[in-house]
Protein chains: 2
Amino acid sequence: MNKLSKVKNIIVNGPQKLDCGKEISNFPIAYETYGNLNDQKDNAILIFHALTGDQFAAGKNPITNKDGWWSYALGPGKAIDTDKFFVICANVIGGCMGSYGPSTIDKNTNAQISTNFPVITINDMVNAQFNLLEHFKIEKLFAVIGGSMGGMQVLQFVSNFPDKAQIAVPIACTSSHSAQNIAFNELGRQAIMADANWKAGKYNEDKTNPDKGLSVARMAAHITYLSKKGLQEKFGRKLQESDDLKFSFDADFQIESYLRYQGSVFVDRFDANSYLYITRAMDYFDLSKQFDGNLSKAFENTKTKFFVISFTSDWLYPTSENREIVIALNAIGADVGFVEIESDKGHDSFLLDVPDFLETLGSYLKTNYINLNEKRI
Amino acid sequence: MNKLSKVKNIIVNGPQKLDCGKEISNFPIAYETYGNLNDQKDNAILIFHALTGDQFAAGKNPITNKDGWWSYALGPGKAIDTDKFFVICANVIGGCMGSYGPSTIDKNTNAQISTNFPVITINDMVNAQFNLLEHFKIEKLFAVIGGSMGGMQVLQFVSNFPDKAQIAVPIACTSSHSAQNIAFNELGRQAIMADANWKAGKYNEDKTNPDKGLSVARMAAHITYLSKKGLQEKFGRKLQESDDLKFSFDADFQIESYLRYQGSVFVDRFDANSYLYITRAMDYFDLSKQFDGNLSKAFENTKTKFFVISFTSDWLYPTSENREIVIALNAIGADVGFVEIESDKGHDSFLLDVPDFLETLGSYLKTNYINLNEKRI
């Protein structure tokens, strides 16, 4: 984790009051930027990452040496065009890529904070990242964009800061985590906490990580990111090696090898305690509850223009849940567009090469930037 | 497990050749019966249990002291009416309720067979249970019935023994385990094998069971048994105790407590190695592959009358997969009925109090018994 000492960050003096009641001060927000901020400072986009994402949305992630998580959507000439826009992406608090989280070293004890880290919320994440606007002296963002948990942050951001973004694009998300969403996250948490190496979160003291539990958690999540149809078309019952079943508990089927692989590579880049904290924040997310059960009220003070995007085969945050956001916005006469993109790639569609999605997003951003700012780009 | 010495069983002399190539001999099949076999011996029904079921389908399970798994459907005056029918239910081989399985004690070593137990298939299970017909001197069953993995056994039974059942009722099942089905089972297996107490299956030697891993496996499976809508209506975001979030990793939401409870009670009644073996058998199930990819051929020699039942909200074995069985039967002009029952209880509908289902099943059995045997009951 020494590599993390090189990631860019700001130190937030605070104090920031968290939803749990505690205050945090002098904590780091790790971030990355793409493209250039123009003189008018009207071309800035803040993008929010999903559960296991980080600030390295495009280019090569210097920690993992893999492509950034949104390489399909973000870059020169792409949907979120870094030739035109200045894009900021921060690691959420609770994360493990340099922002304040359970793997941050407590200077007093020289050990990881681990489960002494406070339980945080999507609201806390968004409030922490807001400090980046001051850092870059940006009065108003052109856009806030994010998929999955990133979309939840988009919704929370506009609710908290109604005059700080011209447009908001929540993608494949929900305004309130459903029972099934909570169930899958709880499954992941129980898998981690069942690992004898988890040691009530203090695993770093012995340098023994709960890799097996975290791997199982990732496998469970991964199943929810793909559609049943997509899995069937990609893997079906194809065997991994031989023509015949092996009559053992080795990976006979390709889908088994795939899941095991997804689990094994994940533990190299992600911290188990961060997984606990971030899934908890997602489960706690219920924007309408913040407004006495009336989701429309979350947005009644904003002039921000919304564009909600869902995917046909997303069963984690299905179109019906995205549509609830649209309905709440329409109920107060907000400026809102909505599109359901045809895709068999499931929830992961927003991360993948889905041309209809990428073209739709790109056109929307480009057209609105021209129209809203009365300029050519 | 000493209680198991009291369960009824037959000893199959064999040898029975398994799909893996090995042979098994002198092994027990534990069974239970309900109702009375009539003099004509034409009123016998063989029901097959699902993944975690056993022979105690109705009444009080003497091992767990809980109601049998099919108490809603089976009993005097119920859909499978034990005032009229003689019902046999056996524990599958690979199971842990007295039939030959990984927890059977090897008399040579005085230890559990554990992972020396051969990897078995649905075909092996059905062939083993066929011995019960000889035991009861039943020439032809009135019906074979089962839901989920029980439905797979129904399909395999008719394919193997085309003249041994008048009617066959596969419920909420599939003729071939999908990639998503395999994925969820693999997740459960990995959770068990990730438990440090699993010890490559030899946990019984130290009397330390992989309860945490088995519990996580059960939680994962349980999510797939319920529908998203059903979960939302039953639990939604209801909190377990207090009015407010606890900002901890305790069970805040009722759905979390529910899943933890399901996991914890499961480990008291089920063996982790059995879970591995039986899920493996389900994943290996592909009836059409046994017939060169032509599912119709599986049934071309039978006069058995089929009645296929699916449930609207079952996303584990959705109606589309049940319908494939109907299509294959129709393609060879078989006598087949099909009904999709409206229910928001998900895959578990076949186990629960779903009146439309129970009435449909009951009427079908009663009417067909009268018609096929030209009698009044």
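Here are some friendly notes on this predicted model, point by point.

1. Let's start with how the two chains meet. The contact draws 41 residues from chain B and 41 residues from chain A. On the chain B side, five helices each supply at least two residues: helix 4 (179-194), helix 5 (211-225), helix 6 (228-234), helix 7 (254-266) and helix 8 (272-284). Helix 4 of chain B gives the most to this side, with 11 residues. By type, the residues with which chain B touches chain A divide into 24 nonpolar, 8 polar and 9 charged.

2. How are the copies arranged? Chain B superposes on chain A by a rotation of 180 degrees with 0.0 Å of shift along the axis, and the RMSD is 0.0 Å. The two copies are thus related as by a two-fold rotation axis. The same surface serves both copies, as 100% of the contact residues of chain B recur in chain A.

3. Helix 11 of chain A deserves a look in your viewer. This helix covers residues 355-373, which makes 19 residues, and reaches 27 Å from its first C-alpha to its last, close to the 27 Å expected at 1.5 Å a residue. Which residues of helix 11 of chain A are buried? They are Phe357(A), Leu361(A), Leu365(A) and Tyr369(A). Seen down the axis of helix 11 of chain A, the buried residues fall within an arc of 85 degrees, so they line one face of the helix.

4. What does that face pack against? The buried residues of helix 11 of chain A pack against strand 7 (80-81), strand 11 (141-147), strand 12 (165-171), strand 13 (305-311) and strand 14 (336-341) of chain A. On the other side of helix 11 of chain A, the exposed residues are Pro355(A), Glu359(A), Ser363(A), Thr367(A), Ile370(A) and Asn371(A). After helix 11 of chain A comes Glu374(A), with a positive phi near 45 degrees.

5. Phe249(A) links back to the contact between the chains. Phe249(A) sits in the loop between helix 6 (228-234) and helix 7 (254-266) of chain A. Leaving aside neighbours within four places in sequence, Phe249(A) is in contact with Arg189(B), Leu276(B) and Arg280(B). Phe249(A) is partly exposed, with 19 other C-beta atoms within 10 Å, and a residue needs 20 or more to count as buried. As for distance within the chain, the C-alpha atoms of Phe249(A) and Leu187(A) are separated by 22 Å, and these residues are 62 places apart along the chain.

6. His135(B) is partly exposed, with 14 other C-beta atoms within 10 Å. Although His135(B) and Ile11(B) are 124 residues apart along the chain, their C-alpha atoms are separated by 9.9 Å.

7. Now for some backbone details worth checking by eye. Most residues other than glycine have a negative phi, and most peptide bonds are trans. In chain A, a cis peptide bond joins Gly14(A) and Pro15(A), with omega about 0 degrees. Pro15(A) lies in the loop between strand 1 (9-12) and strand 2 (16-17) of chain A. Chain B has a cis peptide bond between Gly14(B) and Pro15(B), where omega is about 0 degrees. Pro15(B) is placed in the loop between strand 1 (9-12) and strand 2 (16-17) of chain B.

8. Two residues of chain B show positive phi values. Asn26(B) has phi near 50 degrees and lies in the loop between strand 3 (23-24) and strand 4 (27-34) of chain B. Is Asn26(B) buried or exposed? Asn26(B) is exposed, with 10 other C-beta atoms within 10 Å. Phe247(B) has a positive phi near 50 degrees, and its place is in the loop between helix 6 and helix 7 of chain B. Phe247(B) counts as partly exposed, with 18 C-beta neighbours inside 10 Å.

Notes
Residues are numbered from 1 along each chain as its sequence is written. Chains are lettered from A and ligands numbered from 1 in the order in which they are written. This is a predicted model: local features need pLDDT of at least 70, side-chain atom pairs count only at pLDDT 80 or more; totals for chains, interfaces and linings use all residues. Two residues are in contact if their C-beta atoms, placed from the backbone, lie within 7 Å. Helices (H or I, at least four residues) and strands (E, at least two) are DSSP runs, numbered from the N terminus. Ala, Val, Leu, Ile, Met, Phe, Trp, Tyr, Cys and Pro count as nonpolar, Asp, Glu, Lys and Arg as charged, and the others, Gly among them, as polar. Copies are superposed by least squares on the C-alpha atoms of residues with pLDDT of at least 70 in both. The expected span of a helix is 1.5 Å times one less than its number of residues. A residue is buried if 20 or more other C-beta atoms lie within 10 Å of its own, exposed if 12 or fewer, and partly exposed in between; C-beta atoms are placed from the backbone. The arc is that of the directions from the helix axis to the C-beta atoms.
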